[in-house]
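Hello,

Here is the structure I promised to pass on to you. Have a look at it first, and then read my notes below.

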Amino acid sequence: MVLWELFQTFFLMGFVSFGGGYAMMPFIESAATEYGWMSAESLTNMIAIAGMSPGPIAANSAILVGYSAAGLNGAIVSALAMLLPSIILVITVATFFIKLHHNPVVESMFYGLKPIVTSLIIFAAISFALSNNLITLAISFRSISTLIIFGLSLFALLKLRWNPVYIILLSGLVGIALYS
């Protein structure tokens, strides 16, 4: 039963979620907690691991949720369910895209999807920050240092154009130095 629920959930997510892995995080979080596959706290830790692991974060997250829910079989079923819609859609779209990509309706549809994808990514970031107590009005060493790490990371990404891998590694080292 759990394997079928995992397959249905991640297959549907794979079909209806646009904007990449981070835009899918609110859906994954909702399903994982609703079905009781993971607690919100475990899920936020999982998202951090999935984000630092090689490969797409949505597939990595599905694998980790599936493993938590049903072991190795759950991980395999969740990964296949998450990836199968993409395979089907990409092959189908590739077949028609060359003919349709200059169609005004298709261009308008993609233009209309951009704001919702952006809002889903921002929502995922805010939800992640709230569930990890990264956003707080209390002034403390931890809240101020977290804000500084965030600001410097964003500056390094946007202005200095550093590779995200270096920022992740450096932030992890700073976290060890500050919070150990």
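In which helix is Thr-9 found? Thr-9 sits in α1, the helix of residues 2–16. Helices here are DSSP runs of H or I with at least four residues, strands are runs of E with at least two, and both are numbered from the N terminus.

Before going further, please note that this is a predicted model, in which local features need pLDDT of at least 70 and side-chain atom pairs count only at pLDDT 80 or more, while totals for chains, interfaces and linings use all residues. Residues are numbered from 1 along each chain as its sequence is written, and side-chain values use heavy atoms, with hydrogens and water left out.

First, the whole chain. The protein chain has seven helices and zero strands. Its C-alpha trace spans about 55 × 45 × 30 Å along the principal axes. Of the 180 residues, 28% count as buried (buried is under 20% relative accessible area, exposed is over 50%, and partly exposed lies in between, with a 1.4 Å probe and protein chains only). Among contacts (heavy atoms within 4.5 Å) between residues at least 6 apart in sequence, 61% join residues at least 24 apart.

Back to Thr-9. Is Thr-9 buried or exposed? Thr-9 counts as buried because its relative accessible area is 12%. Leaving aside residues up to four places away in sequence, Thr-9 touches Ala-31, Tyr-35 and Trp-37. The Thr-9 side chain also reaches the backbone oxygen of Glu-5 at 2.7 Å. That is a polar contact: a pair of N or O atoms within 3.5 Å, where within protein one must be able to donate a hydrogen and the other to accept it, and residues adjacent in sequence count only if both atoms are side-chain atoms.

Ser-180 is found in the segment after α7 (164–179). Ser-180 counts as exposed because its relative accessibility is 79%. The side chain of Ser-180 reaches the backbone oxygen of Ile-176 at 2.7 Å.

Ile-176 also belongs to a nonpolar surface patch of about 610 Å², together with Phe-155, Leu-160, Trp-162, Leu-170 and Leu-173. Phe-155 comes from helix α6 (residues 141–158), and it is partly exposed at 43% relative accessibility.

Now the aromatic rings. Rings of Phe, Tyr and Trp (its six-membered ring) pair if their centres lie within 6.5 Å; planes under 30 degrees apart count as stacked, over 60 as edge-to-face and the rest as tilted. By this rule the count is six aromatic pairs. One of them is Trp-4 with Phe-7, a stacked pair with 6.0 Å centre to centre and 15 degrees between the planes. Both residues lie in helix α1, three residues apart, about one turn of the helix. Phe-11 and Phe-15 form an edge-to-face pair, with 5.0 Å between centres and 75 degrees between planes. Trp-4, Phe-7, Phe-11 and Phe-15 form one aromatic cluster.

Enjoy exploring!

Methods. Patches are made of residues with over 30% relative accessible area and no salt bridge: like charges are joined within 9 Å, nonpolar side chains (Val, Leu, Ile, Met, Phe, Trp, Tyr) within 5 Å. Accessible areas come from the Shrake-Rupley method with a 1.4 Å probe; for residues, only the protein chains shown count as cover. A salt bridge is a side-chain nitrogen of Lys or Arg within 4 Å of a carboxyl oxygen of Asp or Glu.
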